[in-house]
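Hi,

Here's the structure I promised to send over. Have a look at it first, and then read on for what I found.

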Amino acid sequence: MNRPSLKYLLPGIAGAVFLMTAIAIVISSWVSGLHVYDLSLSFSRYAGLRQSTAVLYFLSAVIMLVLLSVYIAKTKMPGIKKAIYILIFLSVLGTALFPCNRERSVLSSDIHDIFAMSLMFTTALSFVLTAILSKSKMQRFSGTAFAIYAAGFIAALFGKNRVMDQTFFVWEVVFIYLLILELYLEKYGETKSNKKPI
């Protein structure tokens, strides 16, 4: 009876995979003496510092994307939302395929930056679409709040905000988790049944 609700665990599992990966990559870098306690680096730059951490990020990204792809395939939502999520997932895969380390490869880093920008803007667009298209009040409220955060995040990033520059890692991780939370809240968009998802 409860088996269908197991799909709602997938975003949480993906979030846990990302959290464990981020902790492992950052701590291993600090232990190695690389950018110790430096929160100005992005997650991608931390992952690209060494080949081993770049591989770890790629493997974890594949696991997360498989879980989230199964989730959106089995969850009812507007077709345009699924299309945006596919673009988001492809952007994540691109950032994992092309590590960000200019000392090792400028080309790989440039390609990574393109996918990172795509990820940022498509995620922001997904928040806006959630705020506009969702029938669930919870989704509309969260989509609006997430879109406001995304707008502030992007404005601060391009405006070279000093606080953002010094703590970019924290702001970026919050941005990523808002995306995961948005995916989880898609369960409230399943309006075919009157039963609330567990």
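Which helices are among those that cover the buried residues of H3? Before I get to that, remember that this is a predicted model.

The cover on the buried residues of H3 includes helix H1 (10-31), helix H2 (43-48), H4 and H8. The buried residues themselves are Thr53, Ala54, Tyr57, Ser60, Ala61, Met64, Leu65, Leu67, Leu68, Tyr71 and Ile72. As for length, the 24 residues of H3 should span 34 Å at 1.5 Å a residue, and the end C-alpha atoms are 35 Å apart, which agrees.

Setting aside neighbours within four places in sequence, Leu56 touches Thr21, Ala24 and Ile25. Thr21 sits 35 residues away from Leu56 along the chain, yet their C-alpha atoms are separated by 7.3 Å.

Now for H4, which runs over residues 79-97. Its 19 residues reach 27 Å from the first C-alpha to the last, close to the 27 Å expected at 1.5 Å a residue. Among the buried residues of H4 are Ile84, Tyr85, Ile88, Phe89 and Val92, and also Lys81. The buried residues of H4 pack against helix H3 (51-74), helix H5 (106-133) and helix H8 (168-185).

Cheers

Terms used
Residues numbered from 1 in each chain as written. Predicted model: local features only at pLDDT ≥ 70, side-chain atom pairs only at ≥ 80, totals over all residues. Heavy atoms only, no water. Helix = DSSP H or I, 4+ residues; strand = E, 2+ residues; numbered from the N terminus. Expected span 1.5 Å × (residues − 1). Buried < 20%, exposed > 50% of the residue type's maximum accessible area, 1.4 Å probe, protein only. Contact = heavy atoms within 4.5 Å.
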